[in-house]
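Thanks for coming. I will go through one structure today, part by part, and give the cut-off for each term as it comes up.

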Amino acid sequence: MLLNYIKTLYTGSTICLKKQGEILDPICVNWVIRQGDPLSIPLFLSIMDWAIDGLNTRLGTSIGKERINYVAFADDMVIFAASDLGLQHQITHLEKELSKSGLTFNQAKCSSFRLTIDGKKKKWIMNPDKFLRCAGELIPTFKVGSFYNYLGIRLAA
């Protein structure tokens with residue numbers, strides 16, 4: 001119902017320009033909600049909440065006593081999973097849900113980070129092999145010695 005209201009609000013909209021004090025004929029505006037539109041922020045956050053809400057918490061990872069599967073701020077997100085398959089499932093879910101609203105991942109801003117645990121040597125090893133797919137493409141991995149910006153903070157491995 002809300003989506004129909006918003007569609008109605010933006011469908012068939014017109015604007016009138018004023019030139020040298022004279023109001024010109026109305027111009028039909030056929031647009032989608034654009035960045036900067038007053039509705040863009042609440043709609044974007046609603047869509048993100050809806051998509052994130054469907055993530056499987058059992059596929060997350062434990063940090064202390066808490067189990068988490070993501071952290072997010074606006075359009076920046078980190079997704080956690082205890083297994084490669086779990087992480088791929090979460091990415092595929094998000095991709096599917098966001099696409100229903102016309103949103104897609106920006107491949108140029110995506111990166112993956114995977115730790116492999118060697119129980120015999122009691123070591124965590126950073127695995128540089130690409131393993132996640134988004135939009136049919138392999139997501140680049142975060143490599144030792146590389147940098148990645150998240151929320152304006154430069155992270156290094």
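I start with a term needed throughout: a residue is buried when its relative accessible area is under 20%, exposed when that area is over 50%, and partly exposed in between, with a 1.4 Å probe and protein chains only. The model is predicted, so local features need pLDDT of at least 70 and side-chain atom pairs count only at pLDDT 80 or more, while totals for chains, interfaces and linings use all residues. Residues are numbered from 1 along each chain as its sequence is written, and side-chain values use heavy atoms, with hydrogens and water left out.

Salt bridges come next. The term stands for a side-chain nitrogen of Lys or Arg within 4 Å of a carboxyl oxygen of Asp or Glu. By that rule, the count is two salt bridges.

One of them is between E97 and K100, with the closest N and O atoms 3.2 Å apart. Are E97 and K100 buried or exposed? E97 is buried, since its relative accessible area is 10%. K100 is exposed, because its relative accessible area is 53%. E97 lies in helix α3. Helices (H or I, at least four residues) and strands (E, at least two) are DSSP runs, numbered from the N terminus. Contact here means heavy atoms within 4.5 Å. Leaving aside neighbours within four places in sequence, E97 is in contact with W50 and A51.

The side chains of D84 and R114 also meet in a salt bridge, at 2.5 Å from N to O. D84 lies in helix α3 and R114 in the loop between α3 and β9, so this pair ties together parts that are 30 residues apart in sequence. D84 is partly exposed at a relative accessible area of 34%, whereas R114 is buried at 12%.

Helix α3 also holds K96. K96 counts as exposed, because its relative accessibility is 52%. From C-alpha to C-alpha, K96 and Y148 are 25 Å apart in space, and they are 52 residues apart in sequence.

Now the interior. A nonpolar core is a set of buried Ala, Val, Leu, Ile, Met, Phe, Trp, Tyr and Cys residues joined through side-chain atoms within 4.5 Å. In soluble globular proteins, nonpolar side chains tend to be buried together. The largest core in this model has 14 residues, and those with the most contacts inside it are I52, I79, L87, I91, L94, L132 and I139. Which elements give two or more residues to this core? They are α2 (40-53) and α3 (84-99). The largest share, four residues, comes from α3. Take L87 as an example: apart from neighbours within four places in sequence, L87 is in contact with I79, F80, A81, F131 and L132.

Patches are made of residues with over 30% relative accessible area and no salt bridge; like charges are joined within 9 Å, and nonpolar side chains (Val, Leu, Ile, Met, Phe, Trp, Tyr) within 5 Å. The areas come from the Shrake-Rupley method with a 1.4 Å probe, and for residues only the protein chains shown count as cover. I15, L17, L24 and I27 make a nonpolar patch of about 300 Å². L24 lies in the loop between β3 (22-23) and β4 (27-29), and is partly exposed with a relative accessible area of 33%.

Next, the strands. Two strands pair if DSSP finds at least two bridges between them. Strands β9 (residues 115-118) and β10 (residues 123-126) pair in the antiparallel sense over four bridges. The bridge partner of D118 in β10 is K123. This hairpin has four residues between the strands, and K122 takes a positive phi near 55 degrees.

Strands β13 (residues 147-150) and β14 (residues 153-156) also run antiparallel, joined by four bridges. F147 has A156 as its bridge partner in β14. How many residues lie between β13 and β14 in their hairpin? There are two, and L151 in the turn has a positive phi of about 55 degrees.

Q20 is not a glycine, yet has a positive phi of about 50 degrees. Q20 sits in the loop between β2 (18-19) and β3, and is exposed with a relative accessible area of 80%. A135 is not a glycine either, and has a positive phi of about 55 degrees. A135 is found in the loop between β11 (133-134) and β12 (137-138), and is exposed at 55% relative accessible area.
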